[in-house]
Amino acid sequence: MSAVLSFPTGVLSASEVRELADSWRAALEGLARHVTTPGAGGLTPSDLPLVKVDQHDIERWEKRYPGLADVWPATAMQSGLLLHSMLAGASFDAYHVQLVLHLDGVVDPERMRAAGQALLDRHTSLRTAFLTDSSGQQVQVVLERVTLPWRELDLRMPESAGEFEQLLAEDHAAHFAPDVPPLLRMTLVRTGSHHAELVLTAHHALFDGWSLPLLMKDLLRLYGSGGDASSLPRTRGYKDFVTWLSGQDQAASLRAWSQALDGLEEPTILVPEADGATAEGGLEQIEVDLPPDVAPALTRRAAELGVTMSTLVQGAWATVLGLLTGRRDVVFGATVSGRPAAVTDAESMVGLFVNTLPVRARYSARDTLADLLDGLHRQHAALLDHHHCGLPEIQQQTGLGTLFDTLVLFESYPVDRAGLTEANTAAGITITGIRPRTGTHYPLILAADASPHLRVALQFQPDHLDRERVHNIADRLAHVLTRFAADPRAPIASALTLDPAERASLDRYNATAQPVPDANVTELFERQAEAGPDAVAVIADATTLTYRELDVRANRLAHWLVEQGVGPERRVALAMPRSADLLVAILAVLKAGGTYVPIDPDHPEARIELVLRDSEPVLVLDGETATGDFGAYPDTAPDAGRCPAAGLAYLLYTSGSTGTPKGVGVSHDALNNFLAAMREHVPLDPGDRLLAVTTVAFDIAALELLLPLVTGSAVVLADREDVAQPTALAALIQRHRVTVIQGTPSLWRMLVSQVPDALCGLTALVGGEAFPADLAQTLPRYADRVVNLYGPTETTIWSTASPVTAAAGAPAIGRPIANTRVYVLNEDLQPVPHGVVGELYIAGSGLARAYVGRPALTAARFVADPFTSGERMYRTGDLVRWLPDGSLHYLGRVDFQVKIRGYRIELGEVEAALRSHPDVVGAAVTAREDTPGDRRLVGYVVTRPEDSAKEDETGALLSELRQHVAARLPEYMVPSAVVALAEIPLTSNGKVDRRALPAPDYARASTGRPPRTPREEALCRLFAEVLGLDRISIDDDFFAFGGHSLLATRLIGRVRADLGVDIPVRTFFGSPTVAGLSTRWSDLATSARPRLRKMTEE
């Protein structure tokens, strides 16, 4: 090299330029000497334009991976698959792919090994390892060369038949470490003189299904050439795709997805109990049986409508999924090839291009099947340029988390059959078949192909779906596809009808007619008092009343009540503490023929005043009035004729959507039927004692207080303080030899976790809210008998019942009790088949009379029973489905009425309380579950402009608002947090857009403990940095504060880099707090990778 330096003489002297030239020459000579020394050279950040890494990361990787050639970012799909593998740990890994290639011909092991090695050398995407850089970002490092892991076995002896299956099981169980390349291995097993099996095992992050025939063709050609790749055509590398991907406008694509999913209010979850878990045993499959003429007809219909077969299959699944979930706005996943036309020769590249994306389908009862397909076709066209987006980012845009749990996989990638035949011929051996073993974290996959005509199968996780249920789904899908083939212009509803056999089976479930005793509650009680006058009836603190004493006191008070004007349809408000006098008062009101109105005296005064104003009682009994001296009145009961069967027994107030609680009037007939039915499900005798733990203002208290008294048993009243303290409750159980308790799952969880031994010998009645699966597995281990109960106040306490054993999954809510009918209906009030989601309607003897004083609301909720002339049914608003045994499975609410800790809450009532504050001009309330299992109310308000000017004043107002609501509503209806907004977000149809409501500011709300050690300080800092928060406490849950799976892997990488410790993904998901990790720190392995040193400029 020669150089001539020119310079302006007026600015620089010749000596200065000579000095500069000498220095430059010396530097160049130094570089030349350096590159000749061993180990010299290497990559710099400028050599790796696709990733943002520093020189220290590069040097660390070069030291660990000699021959490091390149570094690429991991794609979103790769990161997702690897995350599921890390979560799987040592258990079944759904994305650990095992392919057994059946080979015919005489196989030369050395040539096959050379072909496999040449395959790795040819495709860079097969020579990658996955790890995180010092900032926590996941990358894939590409090596110049890796050695193929290879084994060969000879199993040609007859006694070796079982060894091959054992080998496959062991091979599949040996998981890959993502950071140890290659994530691929081969095993050649000779099974005969002209037969062999080649086991190719790899991680799905390396390649997709499209790549498989490309790899097979190359492998055969390389076998034929002895591993010489020079005869194969040149191939472009996966880097071209990664480079293209890094140049896409991610923000614009996410906006397109956000628009496509705008207004979606909830995910479409078909198998909620699966919760993203991977089945331990892999997948099973059921073929969808289509009549021979249907598949060709579907091909013609797709052509007529101008849609692809893939779109047609998606439309059929959308129809079935809507039926199964009871919705007409559904989302499911679909795989796309992910090979953009803009990337040259993308169709011939090997790598993971495939992507999983959401498909949204909306339809109405008037739409035809063709309308649905047209809408899907237009949606696909609009999103075609945005197929590269990662699913986690799309889901994050919606604010709903996981959007779906079913996947449509339509295999339509090209297979070069002529090329494969040619390769087989050149190799001298033939691949006669492939036996794949793969999995998925989705509980149900619809797999289809159309070569030459449509074939469909349902692949499912047997851990979460039984074959009978999947068979039913397959039959439903076949029915819908048949309707598509017959007439795509037919209404969608025509594909969703029941056959006569299904209708007959549903009718059998409602055959519940049983005789009811011809006596009311007080008469049944009096019979017990006559049969066992000295038996204990009530125990409350230090007070014990026998049946005779309770009867006499109730009779005397009843005569006094009659004297005060109490009688049929006349109401008496009971605002009394939990004591024996409360039982006396209830019986007295009923004996007088009146209607009791239970009021919890601990409720806010405003709530009590509202109930009193609405119920218009003739009398209010408090603790002082009810305990007066009534000795002058007769010991015998008033005239029994004062209690007409159709008269109201009680009036109970439940949450109301307008801000005013609704008074539900329940007749003596309905109450008598309920108690008679419960004697069948909860048989009590004089030796039983039932512990009453529920506030009298909750309808289930009627079972606690009255069922024992009509069966000769005893009621043990627990006070509020005892109910809140597990040890106190356990002491009550033991002291009074309690045999039965009714409680919400929240109460049972508290007892199981803190005083499980106290439950021995108990009958546990569970109701008031959904029974979680984990509790349903645990509670039967301690209690002798567990019964799950369901029913709204409007149908008299409980309407269905189901015994519970420690079986897997959430328990059913059971079958209808005596003289009760249950219907599962769609939006058109038509019955839905087994396994299909619909709204639950209840009819029969348990129906309440009405919402007292609310005729319009009564007419809206108590509607005509279309299946029984002249009768009514109650619309519950609950979504359920029939199980094969005729019991019901509860799924959730159809509206925005929610349950918190067992209490049913109309969000509108809480919103009305917020709006009643003079400084609030708008309000919305939602139930959030930012931490799994921890469901809370959150309020959102728009305040007057003058109140929003200063942040500190706004904060004071938000605190004041919780107190404002607490003064008007019970504690369980007070929002956990109140968030100020500039405006309440609305959907396009003017409804509150609840998915757009932000999470509370957890950074401000963090009130947990501060770090206690330097390690906890470091962890809190890393948590906050990854979450983008100012600070975090040791008790704050990573996921509750905005974390998600990809951020979790980033945090794990940061902990490894900064603290030198590897946290397994499963460990982190199980302990996502600093405090939780601290308790497990000694169990965590020190990272084998060198800890990063902090780089500073000197």
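Residues are numbered from 1 along each chain as its sequence is written, and side-chain values use heavy atoms, with hydrogens and water left out. Because the model is predicted, local features need pLDDT of at least 70 and side-chain atom pairs count only at pLDDT 80 or more, whereas totals for chains, interfaces and linings use all residues.

Let me start with the helices, which, like strands, are DSSP runs numbered from the N terminus (H or I, at least four residues, for helices; E, at least two, for strands). The axes of H10 (residues 309-325) and H11 (residues 369-383) come within 9 Å and cross at roughly 120 degrees, where axes are lines fitted to C-alpha atoms, for helices over the stretch in contact, and angles run from 0 to 180 degrees between N-to-C directions. In contact, meaning heavy atoms within 4.5 Å, are residues including Leu312 and Ala318 in H10 and Leu372 and His377 in H11.

Turning to the sheet, 6 strands form an open, mixed arrangement in the order E8-E14-E13-E11-E9-E10, where two strands pair if DSSP finds at least two bridges between them. Strand E8 (284-287) and strand E10 (355-362) stand at the edges with a single partner strand each, so one side of each is left without a neighbour in the sheet. For E8, the pairing with E14 (residues 454-460) is antiparallel over 4 bridges, and Ile286 stands opposite Leu458 in E14.

Finally, H10 packs on this sheet, touching E9 (329-336), E10, E11 (406-411), E13 (444-450) and E14, and its direction makes about 145 degrees with that of E9.
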